[in-house]
Structure formats: structure tokens, C-alpha cells
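Subject: Structure handover, aromatic pairs

Hello,

Here is the structure for your work. Please open it alongside this note.

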Amino acid sequence: MTVKVAPVFPASAPLTRNPKVPQKYRPVLWEQHLLPTVAENLATLLGIAVGFLPESIVGAPFERRKFPAQSGWALARFRINLLDEQVPAYLLQPLAEALDWGAIGLRRPAATREAPVVGKDGVQLSEAQEMDLAAYHEVCNVVTCGVLARAWRNKLERPLYILLDGVEAVTPEQFPAELEQGKWLILQASFGYSERPVKPVKGQPPQYEKQTVWLFVVPESLALAALWGAPDGREKDKTAWLVSTGQWK
């Protein structure tokens with residue numbers, strides 16, 4: 001059985017680590033608490049092994065033109081209520097892997113799954129893939145609006161609520177026009193997942209059959225308020241550093 005372990009940036013990830021940027025800070029809240037909690041609950045929800053891949057968090061300013069033109073994405077739209085303010089946010093996952101998660105949630109055998117068709121006119125989904133996308137919508141709803149928001153509140157003892165407005169299959173050309181207005185940032189994180197047991201290797205981190213990424217796309221104001229935990233006055237410096245750690249492929 002072929003096992004995919006490294007690198008922590010899978011082929012579908014638009015960002016890799018910028019080797020010229022040294023490790024100055026650590027997004028401890030997300031790296032050690034929120035994303036491992038998300039992965040644990042994804043595993044329970046999907047009934048498979050899921051793990052957050054350490055050292056995989058990188059950031060960059062959002063640039064639509066840097067995404068491969070004929071790539072497909074599952075785009076989830078959110079409204080984030082934080083500190084008496086409501087702001088928009090988005091979650092992007094490579095479409096084939098998002099549909100994979102939806103199919104797994106529906107307990108649909110791997111042999112019955114197909115890659116989505118992505119072309120100049122957008123994304124074409126079969127009836128089965130439409131069902132997978134609907135199931136993925138539920139995954140997003142449970143894991144972000146429920147698990148992620150609750151983990152953030154419990155850790156920081158501050159109110160945060162997430163509302164999911166919908167999930168759609170898009171190409172970069174179909175990304176919301178709103179993302180061209182103002183300053184938007186990307187936080188990319190990698191996850192490994194396996195539908196079948198993978199034999200552990202002594203002295204090695206957990207190994208997985210497949211890898212995928214989540215891209216949190218947020219306005220700068222939300223990044224400053226939500227990425228770093230308890231305020232310490234260095235949020236601007238930390239955020240500026242984080243969005244320099246990612247390098248477009």
C-alpha cells in the first residue's frame with residue numbers, strides 16, 4: 001500500500017513555505033489547539049483517521065490570479081460574529097478532496113467516486129458529486145460553526161460565532177468579487193486522512209493515505225483579532241510575518 005507522508009504541502013496546495021522567511025512567531029492557538037481539535041472531530045464525523053499536519057501553517061495575501069486558472073475549489077461562505085462585529089470569511093478546499101470527504105461522509109465506496117470535471121466554463125458535477133457536495137456542506141457546518149467556534153470560545157473565553165451561508169463548487173474566475181476589495185489574507189493548513197488503517201512506522205509521525213489543505217480567507221481585521229489568542233499588542237507584526245511565510249507555487 002502506498003502511503004503519502006511528506007511533504008506537508010500536498011500537490012493540491014497553492015502555497016508552500018517561503019524558505020527565505022525565518023520562524024519568528026508561532027500561531028500557537030491554531031497549531032496546537034484549534035486545528036488538532038478540528039482534525040479530531042473530522043475523524044469522528046467521517047469515521048476515518050484524520051490528522052492536522054504540524055508545521056504546515058503558512059500565510060499569504062490573497063491573490064486570485066495566483067491560483068491555477070482551471071483548478072476546482074469548494075468554497076464555503078461564512079459570517080463571523082466576533083466582539084460585537086460581523087465580518088465575512090471564506091474557506092477553500094481543493095474540490096476533488098472536498099468531494100472525497102463528502103463521499104466518505106455518505107459512506108460511498110471509493111470505486112464509485114470520480115474526479116470533478118473542471119474547464120473554461122467552470123465546474124461540472126454529476127448527480128452523485130452534487131450529493132457529495134451537499135454532504136461536504138454538512139461537514140463544514142458541523143466542524144466550523146460547531147467545533148471550531150466552540151474550541152475558540154473555550155480556549156479564550158471570548159464570544160465567537162460562525163454562520164455558514166453556503167458551499168459551492170467554483171473555479172478561481174468564479175471567486176466572489178468581494179475578495180478583490182480591501183485586504184484579504186490566506187491561512188493555509190494541511191491535513192492527512194486515511195480510509196484504511198496505515199501501519200505506524202516507529203520513530204515517524206502518523207502516516208496517511210492522502211493529504212489536503214484548508215485555506216481560510218479572511219479580512220485583515222479578522223486575522224488580527226482571531227489568529228493570535230489573547231491580545232499582546234504585537235498582532236500586526238505577527239500577522240505581517242505570517243502572510244510572508246507562504247510562497248505561491
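Below is what turned up on aromatic contacts.

This is a predicted model: local features need pLDDT of at least 70, side-chain atom pairs count only at pLDDT 80 or more, and totals for chains, interfaces and linings use all residues. Residues are numbered from 1 along each chain as its sequence is written, and side-chain values use heavy atoms, with hydrogens and water left out.

The whole structure holds 14 aromatic pairs. Rings of Phe, Tyr and Trp (its six-membered ring) pair if their centres lie within 6.5 Å; planes under 30 degrees apart are stacked, over 60 edge-to-face, the rest tilted.

Take Tyr-25 and Trp-241. Their ring centres are 5.9 Å apart and their planes sit at 75°, so this pair is edge-to-face. Tyr-25 is in the loop between β1 (15-17) and α1 (28-46), and Trp-241 is in helix α5 (residues 235-242), so the contact ties together parts 216 residues apart in sequence. Helices (H or I, at least four residues) and strands (E, at least two) are DSSP runs, numbered from the N terminus. Tyr-25 is buried at 14% relative accessibility. Trp-241 is buried too, at 9%. Buried means under 20% relative accessible area, exposed over 50%, partly exposed in between (1.4 Å probe, protein chains only).

Next, Trp-30 and Phe-216. Centres are 5.3 Å apart and planes at 65°, so this pair is edge-to-face. Trp-30 belongs to helix α1 and Phe-216 to strand β10 (residues 210-219), 186 residues apart. Trp-30 is buried at 8%, and Phe-216 is buried at 9%.

Best wishes
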